[in-house]
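Please keep the structure open beside the text.

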Amino acid sequence: MKITIIGTGYVGLVTGTCFAQVGHRVICVDNDPAKVKLLQGGGMPIYEPGLEELVNSNVAAGRLRFSDSTREGVEQSDVIFIAVPTPPQADGSVDLSFIEGVAREIASNMTAYRIVVDKSTVPVKTGEKVTETIKRYSKGRVEFDVVSNPEFLREGFAVDDLMHPDRVVVGVSSERPVQAMREVYEPFKAPIIVTDISSAELIKHAANSFLALKISYINAISVVCEAAGANVQEVANGIGMDKRIGRQFLDASLGFGGSCFPKDLSAFIKIAEQLGYDFGLLKEVQRINSDQMARFVKKIASTLWVLKDKRIGVLGLAFKQNTDDVRMSPAIDLCQRLLKEGAVLRVHDPQAMEKARPLLPTVTYVGEMNEVAEGCDALIVATEWPEFKKLDLDRARRNMSHPIMFDGRNLFDPKEMERLGWIYKSIGR
Ligand code: NAD
């Protein structure tokens, strides 16, 4: 199939590349000319494991190319995916101006039947608005269908998630686009759920809110575990082995972040409110999440007493492992809170230091994780990068004024850390 993806970010670039990998001919469009130029020259705007090799091989095979022209993308493809940002507004509702802008551009460039697929995460009823917009701006010249096809990839595992999806959700308002959507996804051999557009749109917000709820649930349990002297990891293992519950998303931590969960939760609460329902359950999920960060900062402050001029090493800046994405990262939030209290920070992240620089301009960036602890009063683990488990703990301990570690991701074993001479504080253990 000939496919265009409008918006070549974390979702658009990985989706376009995986579509090319299974044999489709793909144009990835972006309105950021610097990004398009970088990609055309063989550069990568984001870090995602396995992506660069896949982009290079599909470009070389002539199945994948990049353009800054929506007109070119709309003219040359049968199926047009929209993967542009849907950021939050101050009141928690979604800014749909990117989606509206792209819908207008598609409308004014369509010369024959097109399937317009929304892959961005949008509030229920957005499909109807996109349909109205395209009708209005194409002046009824050509036929088209709007489809909702939410994306469930996890950054850091995006290539694998796209190549092997648990399911593909396709929301339609008529039968006409269904066959083409089946052809797009047939090579991925995943179950395809065909439903109405509103249900498809709701599936995405309901799924992300449920995952965030699971995280806040285990974080709430971590508070009870700390008070009771129990171990949240043992509790998570014990309940997670129940197939009805499952072990995933039951890792206690300093809280969730990233470009999706916080914004999708706020959006879903707002959507429900506009539909006349007070989603108190999800408000509580948000509250538990922000309390979790506050509690972690308090733990650090009560141990170090005065934070002003304390030298603190921070391992991790990305919002989670295997990504360079720092949008709404709890690690960045934590650093900003500590800086506000006057702490002096030495930080390291395997991939996210460049993207963190504008957000944390006054910290010292350390290229090698084993040098972060140099002269520090405490060391913090803020992101669950697996390589942090290989930290030279002896060297770190020797190089610190006090061997104190605050592990916001429960990467290390409390008993082992104690045996090695650390004052070790983690979450719910
Ligand atoms: P992103 O910011 O990484 O990428 C969006 C891209 O769209 C940018 O490159 C931007 O330059 C481009 N863009 C903006 N306006 C444009 C226009 N008019 N024409 C062409 N390009 C334009 O965002 P993302 O993380 O890929 O998210 C995109 C959507 O997918 C959002 O709705 C998000 O909620 C959803 N989503 C994200 C993830 C994730 O893990 N990042 C997962 C599932 C769903």
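How many cavities of 30 Å³ or more does the count come to by this rule? The count comes to 2, where a cavity is a set of points, on a 1 Å grid over the protein atoms alone, where a 1.4 Å probe fits but cannot get out. This is a predicted model, in which local features need pLDDT of at least 70, side-chain atom pairs count only at pLDDT 80 or more, and totals for chains, interfaces and linings use all residues. Residues are numbered from 1 along each chain as its sequence is written, and side-chain values use heavy atoms, with hydrogens and water left out.

**Cavities**
- The largest cavity holds about 60 Å³ of space, a volume being the space filled by probe spheres set on grid points that are joined across faces, edges and corners.
- Its lining (residues with an atom within 4 Å of a point) includes Ser 222, Arg 295 and Ile 427, and α12 (280–304) gives the largest share, 4 residues.
- The second largest cavity has a volume of about 30 Å³, and α9 (197–228) supplies the largest share of its lining, 3 residues.

**Ligand**
- The ligand is surrounded by 27 residues, of which Asp 30, Lys 35, Thr 86, Glu 155 and Lys 263 are the closest, a residue being near if one of its heavy atoms lies within 4 Å.
- A polar side-chain atom of Thr 86 lies 2.6 Å from an oxygen atom of the ligand, and a backbone N or O atom of Val 11 lies 2.8 Å from a ligand oxygen atom.

Conventions: Polar contact = N/O pair within 3.5 Å; in protein donor to acceptor, adjacent residues only side chain to side chain. 1 Å grid on protein atoms, 1.4 Å probe; cavity = no way out; pocket = protein on both sides within 12 Å on 5 of 7 lines; lining within 4 Å. Helix = DSSP H or I, 4+ residues; strand = E, 2+ residues; numbered from the N terminus.
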